[in-house]
Amino acid sequence: MKNNHSSTKKFAIGVSIITSCYTVNSIAEGQFSNALNENNSLGLYRANQFQLNQGACKNCAITPQAAWYFEQETIAIPLNNADSFDASLSAQDDVKKWVKSQASPNQPSGTSAMPPLVWLGSPHIEVGKLSEDGKLLESEQGKIPLLITPKIKSNLSYYNEASEKHFAGRNLVMRGTTNQTHFTARSIWLSDYNLDLNQIPYQPLAHQETIASLIRDQNGGANAPFSARILYKSPNLTSLQNKPVLSFVLNGAQGDDDEAHGGHFAVATGRFGAQGEWHDWLVNNFYNLGSVSEKGIIAASLPMDSYQGDLNSGQSWYRPSYMLVAVLKNDRSAATYQGAINRVMQHFYRQDFLYRHAGVNCAGINLETFRSLDWNIPKLGATNLPKAFVALPYKALSDMRLESGLKAYDYLSAEQTNLYPFVAFETIGNDLLSRIAKNQTNSAFEKQLAEDLEAIIYVHMPQFPSSRAMGQAPVASLDEYIARTPADMSKWKIVRVGARHFPDTLKDKNAPAEPIRPAYYGLIAWIVVLILALLGMRKIFRNFRKS
């Protein structure tokens with residue numbers, strides 16, 4: 001690891017002095033495209049529906065809770081409808097009430113419900129080709145010296161010579177910041193990831209081939225090339241241009257963190273661009289707000305190119321990724337989901353409910369939102385309830401910590417589609433292919449989705465090369481997790497993170513209480529069992545004395 005840091009440091013020094021190696025003309029800020037240029041999009045929204053804010057947000061049209069997390073960030077703030085949620089209800093009850101109101105013809109469409117904010121990270125966006133030596137961005141503005149945003153201190157690995165070689169000579173989309181002499185990139189995205197319907201092979205799942213087998217191919221395919229295949233297609237679909245989408249993203253397991261083998265899950269909405277672009281889709285990313293990410297991740301709605309390609313927090317820098325794209329002829333299903341998840345994100349920023357790795361996580365929050373919309377995504381049940389009941393006292397006593405027992409119960413008793421990102425992704429994919437695509441639907445949302453579904457595209461995204469170890473496919477079960485990690489937990493590779501303390505002044509004391517933690521039911525059951533056992537033993541002892 002020391003060698004990696006040394007190499008990265010030397011590389012950073014080399015990059016930082018590139019402006020002395022070239023003749024550079026002064027670059028005016030106006031030459032760069034503002035991230036909120038009227039020609040740009042943010043998911044289903046036009047970029048000009050937002051205003052740019054950098055730094056602490058004062059008198060902004062967003063909640064103080066949402067603003068608090070982004071005091072040192074560049075965000076896009078909705079010009080209106082930024083507080084569309086009901087603080088008196090729980091997140092999912094709010095969604096259920098809202099979606100019923102959408103059934104009224106007098107109600108605005110889902111696209112009028114704006115996100116709390118969009119995390120841009122940077123004020124500018126630039127499209128161009130990276131020079132063969134990796135030092136210049138060749139765009140319409142000419143040859144622009146390129147710098148890379150600094151690595152945050154807690155990030156263990158970073159962009160290096162392998163990264164530079166990977167992107168050299170390729171067309172890129174970059175978000176970053178300009179000054180008079182250069183462009184500093186914060187995120188990097190490959191334009192050759194654009195999708196052309198005529199170039200994507202129509203290749204439905206073959207016999208004995210499954211979505212799970214696609215993910216696990218080549219151990220997750222961190223080094224495999226980018227690829228796409230059509231799993232389902234309507235004969236009426238002839239182009240992807242401007243087609244709305246509802247997209248499901250699975251990120252794999254990291255290669256340098258034994259607590260990250262479960263992977264990650266997110267849902268994106270947006271439209272394909274004229275050339276098959278999808279870098280500006282809006283990804284709804286739920287992440288633990290109670291801790292400070294070592295990579296700088298903050299839960300938010302953010303552009304796909306930032307979600308995958310941010311040089312510190314982007315998923316593609318530390319694991320392979322997979323995507324199922326539901327191509328639609330109408331944006332109503334995607335807009336309904338986006339409107340619903342906007343409300344959930346508002347509650348999340350207020351900490352009306354907390355992120356819990358055992359069920360109320362990136363997968364569980366999204367799947368329960370779809371279920372609140374009446375997409376009846378199949379449930380697979382708990383991993384093992386009897387084992388959960390036994391594990392509670394066993395882990396509590398063996399670790400001498402009650403929390404260890406409670407955590408074991410939570411994981412073993414959680415609904416599997418809410419617990420494992422892999423299982424969530426696979427289950428949604430199977431439901432789309434086996435039921436929605438065949439119009440075997442029940443609810444209004446399902447029928448709407450089936451009517452609009454024109455294609456299902458599977459996309460594989462490799463990991464970007466850097467000083468970080470290569471990742472692999474995520475696990476889909478507790479047994480798989482145990483098999484992948486050392487039996488001795490003292491040998492686990494763990495990245496320690498600090499806590500983020502939410503100010504008491506921002507908490508809403510009138511917010512609905514969270515549901516009781518599942519493990520507490522197990523604890524109560526054990527207390528009842530122990531009391532009954534003691535009473536039984538007392539009765540036996542009395543009878544023995546009488547005899």
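Partly exposed, in this talk, means a relative accessible area between the two cut-offs: buried is under 20%, exposed is over 50%, with a 1.4 Å probe and protein chains only. Arg-170, at 24% relative accessibility, counts as partly exposed.

A word on the source. This is a predicted model, where local features need pLDDT of at least 70, side-chain atom pairs count only at pLDDT 80 or more, and totals for chains, interfaces and linings use all residues. Residues are numbered from 1 along each chain as its sequence is written, and side-chain values use heavy atoms, with hydrogens and water left out.

Now salt bridges. Side chains of opposite charge can pair when their charged atoms come close. The rule here is a side-chain nitrogen of Lys or Arg within 4 Å of a carboxyl oxygen of Asp or Glu. How many salt bridges does that rule give? The count comes to 26.

Start with Arg-170. Its side chain meets that of Asp-192 in a salt bridge, 3.2 Å from N to O. Arg-170 sits in the loop between helix H4 (161–167) and strand S10 (171–178), and Asp-192 in the loop between strand S11 (183–190) and helix H5 (211–216), so the pair ties together parts 22 residues apart in sequence. Helices (H or I, at least four residues) and strands (E, at least two) are DSSP runs, numbered from the N terminus. Asp-192 is partly exposed, at 41%.

Next pair. Asp-331 and Arg-271 form a salt bridge at 2.8 Å, N to O. Arg-271 belongs to strand S14 (residues 264–271), while Asp-331 is in the loop between strand S18 (321–328) and helix H7 (332–349), so this bridge ties together parts 60 residues apart in sequence. Asp-331 is partly exposed at 21%. Arg-271 is partly exposed at 30%.

Third pair. Lys-395 bridges to Asp-399, with the closest N and O atoms 3.4 Å apart. Both lie in helix H9 (residues 385–399), 4 residues apart, about one turn of the helix. Lys-395 has a relative accessible area of 26%; Asp-399 has 35%.

There is also a network. Salt bridges link Glu-73, Arg-186 and Asp-310.

Last stop: Leu-231. Is Leu-231 buried or exposed? At 5% relative accessibility, Leu-231 counts as buried. Leu-231 lies in strand S12 (residues 227–233). Leaving aside residues up to four places away in sequence, Leu-231 touches Gln-203, Pro-204, Leu-205, Leu-324, Leu-433, Ile-456 and Tyr-458, contact being heavy atoms within 4.5 Å. Take Ile-456.
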